[in-house]
Amino acid sequence: MDIFTEKLIIYSLVAIFIVVILSVYLLLQKRESRIVEAKIAIAKEEGRYEPITLHPVIDINSCIRSGACITACPEKDIIGIKDGKATIINASRCIGHGACFHACPVQAISLYIGSESRGVDLPHVDHTFETNVPGIYIAGELGGMGLIKNSVEQGRQAVDNLTRKIDKNVVAQYDLVIVGAGPAGVSASLAAKGNNLKAILLEQHSLGGTVITFPRSKIVMTSPMDLPLHGKVKLYETSKMELLNLWTEVLTKNEIDLRENTKVESIQPIEKYFVVRSLKGEEFTARKVLVAIGRSGSPRKLDIPGELSAKVAYRLLEPELIKDKNIVIVGGGDSAIESALLLADQNKVTLSYRGETFGRLKSKNSEKIREAVEENRINLLFRSNLTFIEDHQVKVKITEAPTEMTLPNDLVYIFVGGELPVKFLENIGIRITKKFGEAILKHEK
Ligand SMILES: Cc1cc2nc3c(=O)[nH]c(=O)nc-3n(C[C@H](O)[C@H](O)[C@H](O)COP(=O)(O)OP(=O)(O)OC[C@H]3O[C@@H](n4cnc5c(N)ncnc54)[C@H](O)[C@@H]3O)c2cc1C
């Protein structure tokens, strides 16, 4: 064989090899796109495609299909790869860790809150967590981003930011007053101690925030977080008591000035300092104030007859003590589903939800509720509204159905979210705006 033929054969083999590799690559890409398309179709059908609050937005022109966002996301199927680019699948399942935002090597992802069709009421805060009232900061769920880890992170960041702006020449009792001892307030108080600030933590009830209202047997899902003055808390699935014990231990060890049973009624800016007044009439003056009061203090009501009755509750503390009752749970989020599941073993549970499908559920909860309904352990009523609560029965109207159905009933639990404490914030002068799809985490390019 002459050299020319030899070279021709080698080049042909290389070309065939490249074509085969390319074809396999394109086939796999096509297959992947088809799978993602099918998942998007299901997400649309089941109401998870449209974002509810926080969600990633992808800049398609910058995306290089590294897949880093998908690997980094601890949730499943929020983002997929379609036609060689990242695309959103289950936007409403995003719980806002921002892992995709940080992982993307070409900074193609931003985190947005609200969408064109669904606005979200938010207090005005800038990227340092300072509100439009200079010197007053907001962290945690009140600012729009829920979950324990996020609140812990924001509490620390807000304090680091405000520490730089403290003017020691201003006369006040405290450098910082922190309002609310939930995950955000706890973390903020530790960060303040670490930054040598004289701070006080004021809490209307007792240490723990919304976590204290969780059922004792609930599995608290979270991800590793940095707690100031303590270090990494490597927890994924934990319990309310484990978290509360940890916070109590860390706050005690660091001699945090915590004042429980102190409901803050007003925060008044006076020249360069603030007067924080409690319901009991105490006054605390401070150079800066951090408001970390969450949203669950004012649970959203249904405003229906009978709702003031003693058998209606907005939290579930000890499901294991409730037996042989007819229970109606209202809501379609994780708290409603988790409560229904916890109560279903020992009671007759009806879950009433006004939506057509569940939207933003943790995937484990989605699976468990589907199983429970299939096994007739929970009576699920989609497109339904509770309309009347009486001593031994309730009335439920199915949307578009002509009549109301009557169900025997002993207890009603309502989990339809919390309301922004609008009046409290407006009295301080904090502006509230409805966000229809606004970036809250974006790379400067
Ligand atoms: C049923 C349910 C289950 C959940 N499960 C999970 C889960 O598994 N994993 C997870 O990560 N997240 C979960 N969450 C969400 C999580 O609990 C919240 O996102 C988180 O607690 C918010 O922290 P925060 O510090 O911003 O506010 P909060 O925890 O709400 O704390 C705010 C604190 O401020 C206090 N306060 C309010 N007003 C005043 C006032 N005027 N004066 C003084 N104090 C005041 C309140 O009493 C409260 O203690 C769940 C929420 C609910 C309702």
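This is a predicted model: local features need pLDDT of at least 70, side-chain atom pairs count only at pLDDT 80 or more; totals for chains, interfaces and linings use all residues.
1. **The overall picture.** Let's start with the whole chain. Its C-alpha trace spans about 100 × 65 × 40 Å along the principal axes. The secondary structure comes to nine helices and 26 strands. Of the 445 residues, 37% are buried. Among contacts with a separation of 6 or more, 69% are between residues 24 or more positions apart.

2. **The domains.** The chain is divided into three parts: domain 1 covers 3–113, domain 2 takes in 125–297 together with 420–429, and domain 3 runs over 312–414. When you look at domain 2, then, please remember to include both of its segments, 125–297 and 420–429.

3. **Where domain 2 meets domain 3.** The centres of domain 2 and domain 3, taken over C-alpha atoms, are 33 Å apart. Six residues from domain 2 and ten residues from domain 3 take part in the contact. On the domain 2 side, the touching residues divide into two nonpolar, two polar and two charged.

4. **Around the ligand.** Which residues come nearest to the ligand? They are G140, G180, G182, G209 and G294, out of 35 residues around the ligand. By type, the shell divides into 15 nonpolar, 15 polar and five charged residues. Four elements each supply at least two residues of this shell: α4 (148–163), α5 (183–194), β9 (220–221) and α7 (334–344). Two of these, α4 and α5, deserve a visit of their own.

5. **Helix α5.** This helix has twelve residues, and from first C-alpha to last it reaches 17 Å, close to the 16 Å expected at 1.5 Å a residue. Ten of the twelve residues of α5 are buried, so the helix is largely enclosed by the rest of the structure. The buried residues are P183, A184, G185, V186, S187, A188, S189, L190, A191 and A192. What do they pack against? The partners are α4, β7 (174–179), β8 (199–202), β10 (225–227), α6 (240–253) and β16 (283–291). Just after α5 comes N196, with a positive phi of about 60 degrees.

6. **Helix α4.** With 16 residues, α4 reaches 23 Å from its first C-alpha to its last, close to the 22 Å expected at 1.5 Å a residue. This helix too is largely enclosed by the rest of the structure, because twelve of its 16 residues are buried. Among those buried residues are I148, N150, V152, A158, V159 and L162, along with K149, E153 and R156. Their cover includes β6 (136–138), β7, α5, β10 and β16.

7. **A closer look at K149.** As a guide to distances, K149 and H392 are 243 residues apart in sequence and 41 Å apart in space, C-alpha to C-alpha.

8. **The nonpolar cores.** The largest nonpolar core has 55 residues, and V177 and L290 have the most contacts inside it. Helix α5 gives the most to this core, with six residues. A158 and V159 are among the buried residues of α4, while A188 is one of the buried residues of α5. There is also a second, separate core of 29 residues, including I327, I329, A344 and Y353.

9. **Two loops with a positive phi.** D83 is found in the loop between β2 (79–82) and β3 (85–88). Its phi is near 50 degrees, a positive value in a residue other than glycine. D83 has 13 other C-beta atoms within 10 Å, so it is partly exposed. E271 is found in the loop between β14 (264–270) and β15 (273–278), and phi of E271 is near 45 degrees, again a positive value in a residue other than glycine.

How values were computed
Residues are numbered from 1 along each chain as its sequence is written. Domain bounds come from an automatic or database domain assignment. Two residues are in contact if their C-beta atoms, placed from the backbone, lie within 7 Å. Ala, Val, Leu, Ile, Met, Phe, Trp, Tyr, Cys and Pro count as nonpolar, Asp, Glu, Lys and Arg as charged, and the others, Gly among them, as polar. A residue is buried if 20 or more other C-beta atoms lie within 10 Å of its own, exposed if 12 or fewer, and partly exposed in between; C-beta atoms are placed from the backbone. A residue is near a molecule or strand if its C-beta atom, placed from the backbone, lies within 6 Å of it. The expected span of a helix is 1.5 Å times one less than its number of residues. A nonpolar core is a set of buried Ala, Val, Leu, Ile, Met, Phe, Trp, Tyr and Cys residues joined through C-beta atoms within 7 Å.
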